[in-house]
Amino acid sequence: MSSSTEQSFQPASFAFSEENRVKAQALIAKHPEGRQRSAVIPLLDLAQRQEGWVSLAAMDHLAEMLGMARIEVYEVATFYSMFKLQPVGRYHLQVCTNLPCMLRGSAEIVETCEKELGVGLGETTPDGLFTLSEVECLGACVNAPVIWIGDDYYEDLDIESTKALVQALKRGETPRPGSQTGRSGSAPQGGPTTLTAAGGSLPSSGGDA
C-alpha cells in the first residue's frame, strides 16, 4: 500500500452503522458455515455505500468479520474497479471511453464534463461534490455514449444532454436515468420496426407445424 504521507486521508477506524451492521450479518448468514468469506464483495459494497469509498480501516474490519487475512480483502478490493480506494465526490461521473462509446462521441462527452466541472479525468471539484473518471466498457454499448453515476446509467448522451445532466446535479436534482433521447431500453432510435400492430403474431414460416 502507499506511504503514510500519501494515506493521510485514511480514517483511524471503521464500524458499520447499526442499520448496516444488521445488513452485513444478513449477508454473511447467506453463506454456509466456513464459507463466510464469500460475502466479501457485497460487504465491500456495503462499506462503500456507507463511507462513499472503501478505506483501509473498512477493509481491515471486514477481514476480521470474515476471518480473512487483510491482504486477501485488499486483493479483492484492488481487483474490481467498482471499489474506490480513495475519497470521491458525492457524484462520481464515470465516463465510458471504450470503442463503441468512442465511436459514438465519448471524447466529446469527456470534454463537456471537464468544461462543466472545471476538472480533468481523475480529479475532484474543490467543493468535493464531483469526481470525474474514465472507465472501460460499462456493458451498455447499444446505448452509447454512457456515464455511470451511483447506481444509474445515463445513456444516448450528446453534448447538450451531458450539459443538462451536470447542471441538474449541480442544482441537487435527480435526473432521469436511462436513455436521454427517450427510447425504451435498447430499442431502435426510431421505435419498433417489427410486431408493431396490437395483438400481432409472428409471420408464418410457410411450413407445417
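Modeller: Let's start with α2 and α4, which are roughly perpendicular to each other, since that label covers angles of 65 to 115 degrees and their axes cross at roughly 70°. It's a predicted model, with local features needing pLDDT of at least 70, side-chain atom pairs pLDDT 80 or more, and totals for chains, interfaces and linings using all residues. Numbering runs from 1 along each chain as its sequence is written, and side-chain values use heavy atoms, without hydrogens and water.

Colleague: What makes α2 and α4 helices here, and where do the axes come from?

Modeller: Helices are DSSP runs of H or I with at least four residues, numbered from the N terminus; α2 spans residues 40-51 and α4 residues 70-79. Axes are lines fitted to C-alpha atoms over the stretch in contact, with angles from 0 to 180 degrees between N-to-C directions. These two come within 11 Å.

Colleague: Which residues of α2 and α4 meet?

Modeller: V40, I41 and L44 from α2 meet V73, V76 and A77 from α4, contact being heavy atoms within 4.5 Å. That gives 6 nonpolar, no polar and no charged residues; Ala, Val, Leu and Ile are among those counted as nonpolar.

Colleague: How do you know where domain 1 and domain 2 lie?

Modeller: The bounds come from an automatic or database domain assignment, which puts domain 1 at 18-79 and domain 2 at 91-179. Their C-alpha centres lie 29 Å apart.

How values were computed: Angles under 35 degrees count as roughly parallel, over 145 as roughly antiparallel, 65 to 115 as roughly perpendicular and the rest as oblique.
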